[in-house]
Each structure stands twice: as structure tokens, then as C-alpha cells.
Amino acid sequence: MLSVNHLSVRRGDQWIIRDLSFRLEGIRRLFLQGEIGTGKSTLLQALLGFIPAQQGEIRLFGALCQTEKDFRPFRGRIGFCFQNPDDQLFGPTVLDDVAFGPLNQGLSKPEAYTVARRQLEKLGMDYLKDRSVNVLSGGEKNFVALAGVLAMRPEMLLLDEPTNGLDSKNIKKLTALLRDLNLPMLIASHDSAFTEQLADSVLWLRKPENG
Ligand SMILES: Nc1ncnc2c1ncn2[C@@H]1O[C@H](COP(=O)(O)OP(=O)(O)O)[C@@H](O)[C@H]1O
Ligand SMILES: [Mg+2]
């Protein structure tokens with residue numbers, strides 16, 4: 001489903017990921033851990049082509065992805081939540097935001113808005129639907145971003161620090177939600193309790209030597 005072979009990624013003049021190989025297959029939840037700055041966010045973004053890889057291979061559902069054109073068809077099938085939900089949400093309202101993906105996938109406006117409303121209901125967030133995305137708390141933004149991704153019925157999820165901004169009650173809610181989804185997931189998280197609850201396996205990143 002997702003396979004990475006000898007991947008190296010540079011940002012500026014630093015190697016962030018160096019010669020990394022791993023696979024994600026079946027309905028498994030793989031967690032990325034490592035100190036801040038070890039490249040968890042960089043790796044997730046490289047996997048969908050948002051950051052270019054200098055070396056190595058990325059295969060999504062078996063297809064070798066190198067150019068923007070290669071990655072594009074997979075950006076709906078693989079749901080991605082950025083570490084900062086402000087990079088993801090553009091509203092204007094919560095409902096508009098969640099409907100955006102389904103509209104882009106070709107649903108009619110009424111269909112897309114129905115899907116969006118149902119998705120917000122499923123997450124218990126429908127009370128937010130008419131609010132501007134700008135007034136949401138950080139935790140609410142995270143859930144709305146996830147609702148937007150799930151509304152596209154992805155076959156796999158890539159989540160970057162999904163517990164950011166959540167209190168313990170909402171971390172529990174998120175944990176139960178992700179467990180019920182039965183989707184393969186790659187999740188970057190610094191939250192070790194959350195990781196312990198959900199991870200089938202953990203991939204540890206560390207800083208490569210540069211030079
Ligand atoms: N736009 C950028 N240009 C250059 N370096 C960057 C950029 N974004 C992040 N970095 C650097 O890349 C490294 C990895 O960052 P990141 O992937 O965000 O790590 P993590 O998610 O593990 O905290 C850090 O040293 C960071 O400073
Ligand atoms: Mg990060």
C-alpha cells in the first residue's frame with residue numbers, strides 16, 4: 001500500500017531523512033516517533049509529494065511516485081492532516097470546509113454538503129457547522145480537518161500530531177475514533193500514551209549525520 005525504499009530528503013542544506021526504508025501494508029497503524037526536528041513532518045509531506053525527495057522510491061498502492069502528476073491521484077485516496085490545521089482549513093464555514101473535498105471529488109453541491117454534515121455528526125461536531133473556521137480552538141480545528149479528510153472516504157490516513165491542542169477527554173475520543181476506522185494509518189505523534197493505545201508498530205526517526 002505504501003512502500004518507501006532508500007528514501008533521502010533534504011531541506012535547505014541539511015539531510016533530514018537519509019536512506020529510510022519501510023512498508024505499511026494491510027490495516028495496520030504505524031507510528032512515527034523521534035525528537036523534535038527528526039523529520040516526522042518532513043517524511044509525511046514527502047510521502048504525498050508536498051516536499052521533494054532527493055533519492056529513493058515512494059510507492060503508493062504499488063505506483064512509483066516521482067512527479068507532481070504521479071502523486072496527485074493519490075491525494076484523495078490517502079487522507080492527510082497537517083501538523084498545523086491552519087495549513088489545511090480555509091472555510092469559510094466549517095461545513096464549507098468539510099464539503100470541499102467531496103465537491104472536488106465530483107459530488108454535486110447538495111450531495112457534498114450532505115456528506116459533510118453526516119461526517120461532522122459522526123464526529124459529534126455538527127454544532128460547529130456554521131462557524132467560521134477562524135474562530136475554532138486548536139483542538140476543534142484538528143477534528144474539523146480530520147472530518148474534511150474522512151469525508152473524502154480515504155483508503156489510508158497520514159496524520160501529523162493529531163493530539164495537538166486536545167485535552168485528555170478529546171484524546172480519548174480521537175483514540176476510539178481512529179481505532180474504529182479500520183484504515184491503515186501512518187501517524188506522527190510525540191504523545192507516548194496515545195501511541196501506546198493505537199500503534200501496531202513504531203518507527204523511530206533520528207537525526208542523520210550531515211556532511
Ligand atoms: N521549510 C524548511 N526549510 C528548511 N528546513 C526546514 C524547513 N522546515 C523544516 N525544516 C527543518 O527540517 C527538520 C525536520 O523538521 P520536521 O520534519 O518538522 O521535524 P519533526 O516533525 O520531527 O519535528 C528541522 O530541523 C527543521 O528545522
Ligand atoms: Mg512535526
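Guide: Helices, counted from at least four residues, and strands, counted from at least two, are DSSP runs numbered from the N terminus. In this predicted model, the chain over residues 2–210 is 36% helix and 24% strand, with its end C-alpha atoms 27 Å apart; for that stretch, an unreviewed UniProt entry lists "domain: ABC transporter".

Turning to the rings, the structure holds 6 aromatic pairs. In one of them, Phe 50 and Phe 82 have ring centres 5.8 Å apart and planes at 35 degrees, so the pair is tilted, since planes under 30 degrees apart would count as stacked and those over 60 as edge-to-face. This pair links distant parts of the chain, 32 residues apart, with Phe 50 in the loop between helix H1 (40–47) and S4, and Phe 82 in the loop between strand S6 (78–81) and helix H4 (94–104). Phe 82 also pairs with Phe 80, and here the centres are 4.7 Å apart and the planes stand at 80 degrees, so the pair is edge-to-face. Phe 50, Phe 80 and Phe 82 thus form one aromatic cluster, in which Phe 80 is buried, with a relative accessible area of 6%, whereas Phe 50 is partly exposed at 36%.

Rings in this model also have charged neighbours: the charged end of Arg 10 sits over the ring of Trp 15, 5.0 Å from its centre, and Lys 173 lies over the face of Phe 143, at 4.7 Å from the ring centre.

Technical notes. Residues numbered from 1 in each chain as written. Chains lettered and ligands numbered in written order. Predicted model: local features only at pLDDT ≥ 70, side-chain atom pairs only at ≥ 80, totals over all residues. Heavy atoms only, no water. UniProt positions renumbered as here; feature names shortened; annotations may be inferred. Phe/Tyr/Trp six-rings, centres within 6.5 Å; stacked < 30°, edge-to-face > 60°. Buried < 20%, exposed > 50% of the residue type's maximum accessible area, 1.4 Å probe, protein only. Lys NZ or Arg CZ within 6 Å of the ring centre and 35° of its normal.
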